[in-house]
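Hello,

Here is the structure I promised to pass on to you. Please have a look at it first, and then read on for what turned up in it.

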Amino acid sequence: PVLLEPFFGPVDLSASIAGTSFQWSQLIGVGIILSITGLNVLGTRLSTWAQKVLTIVPIMILAGLSIYVVAVGAPETVTPAPSATPTSSGAGWSVLVLAYLPVYFAYSGWDAVIYVAGEVKKPSRNLPMGLILGSLCTTGLYMLMCYAYLDVLGLEGLKQAGEAGTATAAKFAADFPTATIVVTALIALALMGALNGTVLGGARVAYAMAKDGMLHRRIAKIDEQRQVPRAALWLQAIIACLFVLTGTFEQIIEFVSMAMILTGLFTVGSLFVLRYRQPHAKRPYRALGYPIIPGLYVLSSVGVLVMMVVSCLQSTEAGAWYPILGLGIMLIAFVSHRIH
């Protein structure tokens with residue numbers, strides 16, 4: 001809704017379908033998911049071309065604008081007064097976890113190349129390079145843009161901004177109202193690029209699982225004409241649309257972040273299991289810092305998951321249980337796989 005405000009004003013409209021009320025932002029989100037899925041169904045070449053355009057163009061322009069903002073300096077405006085809302089001294093860990101989730105989600109995607117590893121040329125060289133460059137580029141862009149936000153808005157202004165990109169543009173270029181619309185459009189394009197990459201890579205995971213017998217065999221079918229996992233793409237779209245229609249943005253972020261932390265925990269934890277069970281197996285890649293760095297990751301992930309579950313169970317807000325749904329789905333999938 002925040003991204004739509006520069007174009008349509010405050011977005012608080014609702015729509016009713018079959019007697020059920022939805023926000024227009026939810027319906028627009030569903031439309032974007034179905035559209036990008038349809039684009040991927042048409043073929044990998046088309047979706048890859050769209051991915052390059054939707055990633056390179058907005059990122060380069062936003063990075064250039066961030067460098068310009070940092071170089072020129074922030075305008076001298078009155079900084080909002082600090083919030084007088086009292087905070088509980090015992091809420092430190094829960095607040096830290098809530099702050100951790102958006103950051104964890106912001107850095108997600110650097111590893112998306114492994115989802116299409118079967119289609120990568122020279123994977124022994126390009127996969128590590130993609131992971132390393134992806135991490136460095138994501139970190140560099142994230143730090144650059146955050147520095148620009150802080151330079152213009154300050155901590156308190158950033159806290160009250162809502163959507164930082166448009167708030168920064170509105171304050172930095174106050175004499176040019178169209179700047180807010182341009183930045184909003186660029187952010188929207190970048191988000192669509194991220195969504196396209198997720199659709200492109202995520203469906204390959206479902207396809208690989210079905211190919212290994214962990215999902216219905218029809219999901220492992222490839223469209224002979226376009227060479228894409230069409231069934232996996234549409235299954236992924238249906239699940240994503242259900243999430244958009246049943247949860248708020250914040251709930252979905254927490255839900256997805258919890259599932260991502262859990263899968264990351266299992267992935268890194270498997271390193272210890274495999275090294276114990278197969279000590280003499282050939283390992284072409286080194287695990288730098290083993291066992292300290294992987295161990296710290298496992299411990300921190302367990303701590304965050306515990307704090308998230310405790311926070312959800314203690315909350316009295318409506319829908320507070322929603323993020324735990326991710327753990328429930330993972331548990332059901334695990335049990336079903338073991339039974340199968």
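Leu235 sits in helix H8. Its relative accessibility is 31%, so Leu235 counts as partly exposed. Please keep in mind that this is a predicted model.

Leu235 also belongs to a nonpolar patch on the surface, together with Ile114, Tyr115, Val205, Met209, Met214, Leu215 and Ile239. The accessible area of these residues together is about 610 Å². Two elements, H7 and helix H8 (230–246), each give two or more residues to the nonpolar patch.

Helix H7 spans residues 178–211 and holds Arg204. Is Arg204 buried or exposed? Arg204 counts as buried because its relative accessibility is 6%, and the cut-off for buried is under 20%. The side chain of Arg204 makes a polar contact, at 3.2 Å, with the side chain of Thr44. Setting aside neighbours within four places in sequence, the residues in contact with Arg204 are Thr44, Tyr115, Val116, Glu119, Val228 and Pro229.

Lys122, in the loop between helix H4 (92–106) and helix H5 (123–159), has a positive phi, near 50°, although Lys122 is not a glycine. With 58% relative accessibility, Lys122 counts as exposed. Further along, Tyr290 and Pro291 are joined by a cis peptide bond with omega about 5°. Pro291 lies in the loop between helix H9 (249–277) and helix H10 (292–314).

Enjoy exploring!

Best wishes

Notes
Residues are numbered from 1 along each chain as its sequence is written. This is a predicted model: local features need pLDDT of at least 70, side-chain atom pairs count only at pLDDT 80 or more; totals for chains, interfaces and linings use all residues. Side-chain values use heavy atoms; hydrogens and water are left out. Helices (H or I, at least four residues) and strands (E, at least two) are DSSP runs, numbered from the N terminus. Buried means under 20% relative accessible area, exposed over 50%, partly exposed in between (1.4 Å probe, protein chains only). A polar contact is a pair of N or O atoms within 3.5 Å; within protein, one must be able to donate a hydrogen and the other to accept it, and residues adjacent in sequence count only if both atoms are side-chain atoms. Contact means heavy atoms within 4.5 Å. Patches are made of residues with over 30% relative accessible area and no salt bridge: like charges are joined within 9 Å, nonpolar side chains (Val, Leu, Ile, Met, Phe, Trp, Tyr) within 5 Å. Accessible areas come from the Shrake-Rupley method with a 1.4 Å probe; for residues, only the protein chains shown count as cover. A salt bridge is a side-chain nitrogen of Lys or Arg within 4 Å of a carboxyl oxygen of Asp or Glu.
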